[in-house]
Amino acid sequence: MREFKAKADKQSSFSDKKYSMFIGRWQPWHDGHKWLIDQRLNEGKNVLICVRDIEPDDKNPFGVDWVVNNLHTQLSDLIQEGRIKIIVIPDVESINYGRGVGYDVIEHIPPQKVGTISATKIREKMGYGVSK
């Protein structure tokens with residue numbers, strides 16, 4: 001594992017821009033995902049899409065490179081405007097935080113029409129995966 005050691009005398013390269021983080025597999029990008037990130041974009045917030053680096057399987061047939069390229073294609077205007085950033089992260093088993101961490105944890109409940117969108121059904125129409 002690579003370790004990062006910051007030097008105290010080095011200037012930070014980070015901007016003052018903050019992001020609303022969304023972690024997912026994004027296999028494939030669909031209208032439910034769009035609805036979800038639009039909740040923050042419509043409030044004038046920026047979005048950080050974190051793509052989980054998972055091994056492809058029957059339920060998740062697309063590799064991380066395909067997913068990232070697809071997201072860049074679908075979201076190119078917002079990426080060019082600086083409203084969205086996309087990064088790849090290692091697979092996660094949980095999201096953990098302590099108190100007073102300096103950010104909010106927000107759950108967005110989609111309307112029924114959006115909540116019924118199934119990435120599994122979309123993948124099946126694309127010829128990937130098997131219904132169980």
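The legends below accompany an overview and several close-up views of one predicted model.

Figure 1. The chain has five helices and three strands, taken as DSSP runs (H or I of at least four residues for helices, E of at least two for strands) and numbered from the N terminus. Of the 132 residues, 28% count as buried, where buried means under 20% relative accessible area, exposed means over 50%, and partly exposed lies in between (1.4 Å probe, protein chains only). Among contacts (heavy atoms within 4.5 Å) between residues at least 6 apart in sequence, 76% join residues at least 24 apart.

**Figure 2. The salt bridge between lysine 34 and aspartate 38.** A salt bridge is a side-chain nitrogen of Lys or Arg within 4 Å of a carboxyl oxygen of Asp or Glu, and by this rule the count comes to three. Here the N to O distance is 2.7 Å, and the two residues, four apart in helix 1 (residues 31-41), are separated by about one helical turn. Lysine 34 is partly exposed at 41% relative accessibility, whereas aspartate 38 is buried at 16%.

**Figure 3. The salt bridge between glutamate 43 and arginine 40.** The side chains of this pair meet at 2.9 Å, N to O, and arginine 40 is buried, with a relative accessible area of 13%.

**Figure 4. The salt bridge between aspartate 91 and arginine 52.** The side chains meet at 2.6 Å, N to O. Because aspartate 91 lies in the loop between strand 3 (84-90) and helix 4 (112-115), while arginine 52 belongs to strand 2 (residues 46-53), the pair ties together parts that are 39 residues apart in sequence. Aspartate 91, at 42% relative accessibility, is partly exposed, and arginine 52 is also partly exposed, at 22%.

**Figure 5. A nonpolar patch on the surface.** Met21, Ile23, Val92 and Ile95 form this patch and together have about 360 Å² of accessible area, computed by the Shrake-Rupley method with a 1.4 Å probe, where for residues only the protein chains shown count as cover. Patches are made of residues with over 30% relative accessible area and no salt bridge, like charges being joined within 9 Å and nonpolar side chains (Val, Leu, Ile, Met, Phe, Trp, Tyr) within 5 Å. Isoleucine 23 is found in strand 1 (residues 19-24) and, at 33% relative accessibility, counts as partly exposed.

**Notes.** Residues are numbered from 1 along each chain as its sequence is written, and side-chain values use heavy atoms, with hydrogens and water left out. In this predicted model local features need pLDDT of at least 70 and side-chain atom pairs count only at pLDDT 80 or more, while totals for chains, interfaces and linings use all residues.
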